[in-house]
Amino acid sequence: MSIEISAVTKYFGDFRALDAVDLSIPTGKITALLGPSGGGKTTLLRIIAGLERPDAGRVVIEGTDATGLPVQQRNVGFVFQHYAAFKHLTVAKNVAFGLEIRKRPADEVRRRVDELLELVHLGQFAHRLPSQLSGGQRQRMALARALAIEPTVLLLDEPFGALDAKVRKELRDWLRRLHDEVHVTTVFVTHDQEEALEVADEIVVISEGRVEQVGTPDELYDAPANDFVMSFLGPVTRLGGVLVRPHDVEISLVPVLDGAEGTVARVQRIGFAERVTVLTDDGEDVVVEMTRTSARTLGIGVGQTVWLSAAAGAPSARAGVSA
Amino acid sequence: MGESRRRPFTYVLRCAVVGYLLLLVVWPLVLVVTHAFEGGAGTVLGLFAEPGTLAALRLTALAAVLATAINLVFGVAISLVLVRVQFPGKRILSALVDLPLAVSPVVVGLALMLVYSGRTGWFGPTLESWGLTVIFSTPGIVMATAFVSLPLVVREVVPVLHEIGTEQEQAAASLGASGTQTFWRITLPSIKWAVVYGVVLTLARSLGEFGAVKVVSGNVLGQTRTATLAVEEMYLNFDQQGAYAIAFLLASVSVLAILIVSVLRSRAERTERKATP
Amino acid sequence: MSRTTSLTTARETRAPSSARPGSSEDGLSDDGAPRRTAHRAGPRRPVSTLTRTSGLGLGVTMLWFSLLVLVPLAAVVATAAAGGPAEFWRAVTTEQTLHAIRLTVLAATAVTCLNVVAGTAIAWVLVRDSFPGKRALEVVIDVPFALPTIVAGLVLLSLYGSSSPLGLHWANTPWSVYLAFAFVTLPFVVRTVQPVLAELDADVEEAAASLGASRTTTFRRIVLPSIAPAIAAGAALSFARGMGEYGSLVLLSGNLPFTSEVASVRILSSIENDNLAGAAAVATVLLLVSLAVIGVLDVVQRRVARRG
């Protein structure tokens, strides 16, 4: 395991940002720290980097206890949400910074910088200033800069958060492909579940300073550990007191065994899907999603009486921690 | 506010403002220039050749440069401490740094005298025994000048330090840079212009200090008489030509300083606007 | 938004800048996902990358600051208090001194009120108006701040002295004090108000207009409250500067006792007469005013920061 985090706790004044977190980050994979804002994921990332000190616990990176090491000595590559570009240095000088600090010979620095700029497709911008680049380009430069020092781990703090949606999607794919080439252990923080599901090999869901679940995207989506994880990773609706996915609810016009009876309150057409809101006799507002075709076949209309049941084998939150 | 419709009030206000500034600043300033050159440019230049005048100018320049150098180093240091470090009493220090702007120069002179006067000061006699004369000597003038211009560098640098934030410094640290390396390679270059503005302003202010210097200098011709003191003395001794000549010189330097800062600032703004996409 | 070529910008009243170092962004709301924590991750202490150096730097800086500023100013208060409160009171309330202080306070107050109006007007013209030569005005505004005070006295003397082409012979009268104060304090309110005015969103005024507010009402109820802290800060600085002004009065006012003599001149005479205790007494009065002004500035800055 690349990074071992044991019992890490962090307070900001009275506020407990992390509560005795235990975590193992696998080597050579992309791990996402996913969770709502203020949940502690950025704090955890910064503790791994050495930009914050934990109040308790240990951080072991590649077998070395890094808990007491200052950030300068941890050999981590850190990418900030707002790029943290060295504004007065050219792109090439930015990327070269870490190597120059390490007093590498000039030609080696030049070679490595060229290599990396090619890797991130910024070769032609080598002599521009960061202010002359777009947001996406600046972030790629920041990545090249972090990779230049051949870090043990690459840490990214909401790397695409400051970019607009289209650029975000492009860079997401690009990060995945970059990792396939470079294979450095990567940890990134995000609050966007789609991003985590798309990019990461493993996802750690963190909320209120605690790890809710660790697993692959499929595991988290199909077998969520509790209501929170289930709600966070995708749309949910409550049927019979249990959370299920709206597209896993079956609507029937005829009574169904163990089904919940209710009235159709609202029908919304959203693109190819149809969203039906049903008010059950138990007082639940259940949202059902189905394709247009299915809806047409069934003939759903407002005011109708219907019966709802969860599809067989539909994933629902395991009993246990409540929301 | 539509550009097309200019209400009469706008014109009234504009005229009132321009008129006020003309009567208060522009016209008097112009008159000083004409007075200075009444005897012709040759007379003015001749006045500057006088040894007494030259000595005064030299002393002023020396004190100003020294005071500016001191305030540059400590100004940047204070700014960094105020913005990047947490410590108890920080708020008080921040407020106190502005104090020299609100204190009367005569009070400044008196304050320094009470501490460093060789006869009656708190530390003065001790310093005297070590051979260091402060009051009635150049060091005193430098200290008084440094006191009054102290906040200028800080007030320029602090907002810039706040604005650029610590991210670049954190990035540098994550790439392996030590504290000193980060300071010289990242922090200092990013506050470069603020420091420049601060230095120009400090220089201008230092060249023009009068009240505080009058108290601490003893006004000994050729030794502790600065250019500003020379203006006062010449005028009171009915050497109006001389007074106006030096006044003109000092005024020119002040206006030059304003122009330099103004030009540099607008140029910096223009490049900023062009660069950001 | 063009930043002003100001020499006297009060950083206190500038609109607070964007994200403080280290603060996390409030994320976009997740689709359908419940927010478990509604609050941010608390204030992050700025990561100081100068750890050992910063302690040393703070120490050296404090030492220098104390030797240059704090100790001398303390000496003033200590010397004034040395003779006891009775002595202090005596020194401050001699007839001549009382008159000087009264004149100084009166003139400083009057000129500050003038500056509040004039300064705001000038700032308004600089920000909202445009005409050929406006840039020259920017330079003109800064002249009184950059000009040596003794030269300022000379400058005013040329237009308002005995050889005045306007026939205004104000030298050696109390008017000279008002005039000198008005000159040296000109930039203060202007430079504190200008950046705030420049940053005001036109949207807010347009909204007021769309709701039926007249120009005056909009100014009174929308613009004025926004620039009030800036005006206050500028006024405080202007008052302090006036109270302590010396150089420009030397040649212009004649320093005539009971007529045009101000507090700072009294202090200087006391020093020249080797009456350091007396000088320190009046100086302490001025110092208290300065400290009060600094306090006002701090409060204003705090208020603005909270609002922003």
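Colleague: How many residues does the contact take from chain A, and how many from chain B?

Modeller: The contact takes 21 residues from chain A and 18 from chain B. Two residues are counted as in contact if their C-beta atoms, placed from the backbone, lie within 7 Å. This is a predicted model, in which local features need pLDDT of at least 70 and side-chain atom pairs count only at pLDDT 80 or more, while totals for chains, interfaces and linings use all residues. Residues are numbered from 1 along each chain as its sequence is written, and chains are lettered from A and ligands numbered from 1 in the order in which they are written.

Colleague: Which helix of chain A gives the most to the side that touches chain B?

Modeller: Helix 2 of chain A does, with three residues. Helix 2 (91–101) and strand 6 (76–79) of chain A each supply at least two residues of that side. Helices (H or I, at least four residues) and strands (E, at least two) are DSSP runs, numbered from the N terminus.

Colleague: What makes up the side of chain A that touches chain B, by class?

Modeller: Twelve nonpolar, seven polar and two charged residues. Ala, Val, Leu, Ile, Met, Phe, Trp, Tyr, Cys and Pro count as nonpolar, Asp, Glu, Lys and Arg as charged, and the others, Gly among them, as polar.

Colleague: How many residues of chain C are in contact with chain B?

Modeller: 83 residues of chain C are in contact with 83 residues of chain B. Helix 1 (residues 51–82) of chain C brings the largest share of chain C's side, 15 residues.
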